[in-house]
Structures are given as structure tokens and as C-alpha cells.
Amino acid sequence: MIFAALAMIMFVLSFGLLLLFTDAATNDPSDAQIYAIFAIIGIGTPSIWSAMNLLLLRWRRQTGGQYVAGVRLAREDGAPLSTRDTAAWWFCLNPLLFSWPMAAVALFPLAGVVSITLDRATIAVFGGLLLLCFAAPFAALAAALLDPYNRALHDRVVGTVVVPAE
């Protein structure tokens, strides 16, 4: 729900800019303006989502969803979470970042921007990110099913466990 709200805000802001660019839709937008709007959505949404969750993880040791569920992250060894730990936890195939909703909101609008480059390296990076967004939830589920404590891959790599919030 939090991600959906953020995505809606990004869509409204982006298309509000498009209305501003086109004098309240009295002029047709140029291709560059449309690509800019898609780029703002495709880059802005995951960037703001990541920044928000990294700040929450560092400050409260929990994401917004973990707050609602009444749980938080802790290290297995009892040490406090460092900035490196939170960044590694977030970017290590975390299904909160690499997910189907993220692919729909961020990567599909970027497909239009990437399609104009037709550069093999750009298309390969884009395709890799898209593949990660579809594979990460399955990798997290498989890792949780194979772990006796039901920890996903990002928890196992960083050495974190989910504990009840105090």
C-alpha cells in the first residue's frame, strides 16, 4: 500500500509536469517531454522508494510494512545494524525493491526510454533489471523455505533476523 501511494504520487507529479510543459494540454507534447516523464517515473519511483526505506531501516530498523506488522530487523550476533548492513539488506535481491510491482511501475515506463537508444549495453542492463524483478520474489521464497528460521536471501547474506518490535 505504501509503494502504491508513492507510485501514484510520482505519476501525478510527472503528469502534472507534462501539463505544465504543454500549457495545460493546449499544445501537443514533444517526444522528448514524454520520454522525460517516463524517465522521471522510472528513475524517481525506485530512487525515492529506496531512500525512504533505507532511512527508515537506519533510523527505526524497520521498513514501513514491518512497522505495520510490528516487527523489526536485528543482527544475528546482536550488534546494531550499520549503514552498510542496511544498504546490503536492501539491495541484495530484496523483493521490496526487486518486485513485480516495481517492474510495472518503474521498468515498463523506462522501456519506452530505453527503446529509443537501441544500444545493446543499455538494453542488456534493462533486461537484467527486469529479470531480477521477476526472479527476486521467487529467490526470496526459495531461500525462506530452505532456511530453518524462514529467512530470505537478503537476511541470510547480511546476517539479520526479523524480531518483534519492542
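**Notebook: one chain, looked up piece by piece**

I started at Val125, which sits in helix α6 (residues 120–146). Helices here are DSSP runs of H or I with at least four residues, strands are E runs of at least two, and both are numbered from the N terminus. This is a predicted model, where local features need pLDDT of at least 70, side-chain atom pairs count only at pLDDT 80 or more, and totals for chains, interfaces and linings use all residues. Residues are numbered from 1 along each chain as its sequence is written, and side-chain values use heavy atoms, with hydrogens and water left out.

Back to Val125: buried or exposed? I get a relative accessible area of 53%, so Val125 is exposed (over 50%; buried is under 20%, partly exposed is in between, with a 1.4 Å probe and protein chains only). I also checked Val125 against His154, 29 residues apart along the chain, and their C-alpha atoms are 21 Å apart.

Next, Asp85, in helix α4 (residues 83–91). Its relative accessibility is 4%, so I log Asp85 as buried. Skipping neighbours within four places in sequence, I find Asp85 in contact with Arg75, Pro80 and Val158 (heavy atoms within 4.5 Å).

Confidence check. I note a chain average pLDDT of 88, with 100% of the residues at 70 or above (pLDDT is the predictor's confidence in each residue, from 0 to 100).

Then the largest pocket, with about 190 Å³ of space. For the record, a pocket is an open set of points on a 1 Å grid over the protein atoms alone, where a 1.4 Å probe fits, with protein on both sides within 12 Å along at least five of seven lines; lining residues have an atom within 4 Å of a point. Points join across faces, edges and corners, and the volume is the space filled by probe spheres set on them. Of its 13 lining residues, Pro46, Leu97, Met102, Leu107 and Leu129 come closest to the centre. α2 (31–60), α5 and α6 each supply two or more lining residues, and α2 gives the most, with five. I sorted the lining into 10 nonpolar, three polar and no charged (nonpolar is Ala, Val, Leu, Ile, Met, Phe, Trp, Tyr, Cys and Pro; charged is Asp, Glu, Lys and Arg; the others, Gly among them, are polar).

Last, strand β1 (residues 71–75). Four of its five residues are buried, so β1 is largely enclosed by the rest of the structure. Five bridges join β1 to strand β2 (residues 160–164), running antiparallel (pairing takes at least two DSSP bridges). Ala74 stands opposite Val161 in β2.
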